[in-house]
Amino acid sequence: MDPTHGRAHAPRRWQARARALVEAALRAFCGEARALLFPQGCLACDAPAAAAWPSGLCGGCGAALPWRPIGSAPAEAPLEVGRRRFAAVVVALRYQPPVDELVLRLKYGGLAVAARPLAQALAAAVERAEQQAQQAIAAGAGEGASFARPDLLVPIPMHPWKRLVRGGDHADELVEELSACLGRPVERLLKRRRATVAQGGARSLRERIEQVHRAFAVRAGGAARARGRHIGLVDDVVTSGATAAAAAFALHRAGAATVSLLAVAGNG
Ligand SMILES: [Zn+2]
């Protein structure tokens, strides 16, 4: 028996074992990647994924999206304050099933891909608002009816320690998807000056506005990029509108020509 026989095969056995290990790791990685993209089929109801591409929603959830009429502000009204600050307010959907589930999965479940159907819905609402404004002007309405998609998109930033706790900022995912849909660039012009407490309590609108007043600042160098532009301020769910109003305040102070609020969902 050739004494080198065993040694000659040892490396091959080692290579085969290594290859098997690499293949197993790749299979696991691909499985993980697929699970990340389509964790449970439909992003809202977990129905099988076959019908879920490209929005990530199954046919039932896609058809059940609770669209809000264009041009109507959410009932909890916030935008009385906002109206003075926003050239236009586009809130695409009502915050009810399946939208609430998608938002929760995006914000707290770390499911970044849930941003896709939400951003697509918001982009569709922006396009409808543009068409509606064009029709109104063609029908003789004044320039007050005009609305065109903003020059650039600015997300409302999360406070850094909240970002740390949640492992990321869902607003980033949302605004990047929206940018791809609308063909407008993202500019992260805002930073938080301090954390704001949750707005779900029984505080009055005035108190909430004061609380977030001056909560935002424009980043160094941001004023030059904001000046004279029509900015689309992007938020996920509008409740009081006070946070968005505070963000718009900072953008106006930096010289933005107009600010429109683009939000995925709102009450009413
Ligand atoms: Zn579904």
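Mentor: Two strands are said to pair if DSSP finds at least two bridges between them. Strands (E, at least two residues) and helices (H or I, at least four) are DSSP runs, numbered from the N terminus. The model is predicted: local features need pLDDT of at least 70, side-chain atom pairs count only at pLDDT 80 or more, and totals for chains, interfaces and linings use all residues. Residues are numbered from 1 along each chain as its sequence is written.

Four strands form an open sheet in the order 1-6-5-2, and their pairing is parallel. Strand 1 (89–94) and strand 2 (152–155) are at the edges; each has a single partner strand, so one side of each lacks a neighbour in the sheet. From one strand to the next, the twist averages 20°; such angles run from 0 to 180 degrees between N-to-C directions, and axes are lines fitted to C-alpha atoms, for helices over the stretch in contact. Strand 1 runs parallel to strand 6 (residues 258–266), and five bridges join them. Within strand 6, Gly266 is the residue opposite Arg94.

Helices pack on this sheet. Helix 7 touches strand 2 and strand 5 (230–238), and its direction makes about 130° with that of strand 5. Here, two residues are in contact if their C-beta atoms, placed from the backbone, lie within 7 Å. Helix 10 (residues 242–253) lies across strand 2, strand 5 and strand 6, at about 165° to strand 5.

Helix 7 (residues 170–182) also packs with helix 5 (residues 115–138), at an angle of about 45° and with the axes 8 Å apart. Helix 5 is therefore oblique to helix 7; angles under 35 degrees count as roughly parallel, over 145 as roughly antiparallel, 65 to 115 as roughly perpendicular, and the rest as oblique. Among the residues making this contact are Leu118, Leu122 and Val126 of helix 5, and Leu174, Leu178 and Cys181 of helix 7. By class, the contact has 10 nonpolar, two polar and three charged residues. Ala, Val, Leu, Ile, Met, Phe, Trp, Tyr, Cys and Pro count as nonpolar, Asp, Glu, Lys and Arg as charged, and the others, Gly among them, as polar. In general, an α-helix has 3.6 residues a turn, so residues three or four places apart point the same way.

Helix 5 is followed by Gly140, whose phi is positive, near 105°. Pro98, in the loop between strand 1 and helix 4 (99–107), is joined to Pro97 by a cis peptide bond with omega about 0°.
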